[in-house]
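Subject: Structure for you to look at

Hello,

Here is the structure I promised to pass on. Please open it and keep it beside you while you read my notes.

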Amino acid sequence: MNMIRVLIQLPEPLKAKLDAERKRGTTTAGLIRHLLEQHFKGKQAA
C-alpha cells in the first residue's frame with residue numbers, strides 16, 4: 001500500500017494531548033490512522 005503524508009494544523013491543547021499519548025507509546029500517526037480507519041468503517045456500515 002502506498003502511503004502519503006498529510007499536513008494538518010492543531011490547536012496547542014490538542015497537540016499537548018497527543019504528546020502525552022506519545023509518552024505512553026502511541027504515535028500521533030498511529031492514533032490518527034486508527035481513528036480514521038474506525039471512522040470510515042462506521043460510514044461503510046451505514
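One definition first: a residue is buried under 20% relative accessible area, exposed over 50%, and partly exposed in between. Glu 21 has 28% relative accessibility, so Glu 21 counts as partly exposed. Keep in mind that this is a predicted model.

The whole chain

The protein chain has two helices and zero strands. Its C-alpha atoms fill a box of roughly 35 × 25 × 20 Å along the principal axes. Of the 46 residues, 2% are buried. The chain exposes about 4,700 Å². Carbon and sulfur atoms supply 58% of that area.

Helix H1

H1 covers residues 12-23. Does its length agree with its residue count, or disagree? At 1.5 Å a residue, its twelve residues should span 16 Å. The end C-alpha atoms are 17 Å apart, which agrees. After H1 comes Gly 25, with a positive phi near 105°.

Charges

There are 9 positive and 4 negative side chains. The centres of the two sets lie 4 Å apart. Side chains of opposite charge can pair when their charged atoms come close. How many salt bridges are there? The count is two.

- Asp 19 and Lys 15 form a salt bridge, at 2.5 Å from N to O. They are four residues apart in helix H1, so about one helical turn separates them. Asp 19 is partly exposed at 33% relative accessibility, and Lys 15 is partly exposed at 39%.
- Glu 21 and Arg 24 form a salt bridge, at 2.6 Å from N to O. Arg 24 has a relative accessible area of 61%, so Arg 24 is exposed.

The nonpolar patch

A nonpolar surface patch covers about 760 Å². Its members are Ile 4, Val 6, Ile 8, Leu 10, Leu 14, Ile 32, Leu 36 and Phe 40. Which helix gives the most to the patch? Helix H2, residues 28-45, does, with three residues. Ile 32 sits in helix H2. Ile 32 has 31% relative accessibility, so Ile 32 counts as partly exposed.

Before H1

Gln 9 lies in the segment before H1. Is Gln 9 buried or exposed? At 79% relative accessibility, Gln 9 counts as exposed. Now find Thr 28. Gln 9 and Thr 28 are 19 residues apart in sequence. In space they are 13 Å apart, C-alpha to C-alpha.

Best wishes

Key
Residues numbered from 1 in each chain as written. Predicted model: local features only at pLDDT ≥ 70, side-chain atom pairs only at ≥ 80, totals over all residues. Heavy atoms only, no water. Expected span 1.5 Å × (residues − 1). Patch = residues over 30% accessible without salt bridge, like charges linked within 9 Å, V, L, I, M, F, W, Y side chains within 5 Å. Areas by Shrake-Rupley, 256 points an atom, 1.4 Å probe, with all protein chains shown as cover. Salt bridge = Lys/Arg side-chain N within 4 Å of Asp/Glu carboxyl O. Buried < 20%, exposed > 50% of the residue type's maximum accessible area, 1.4 Å probe, protein only. Lys, Arg positive; Asp, Glu negative; His and termini not counted. Charge placed at Lys NZ, Arg CZ, Asp CG, Glu CD.
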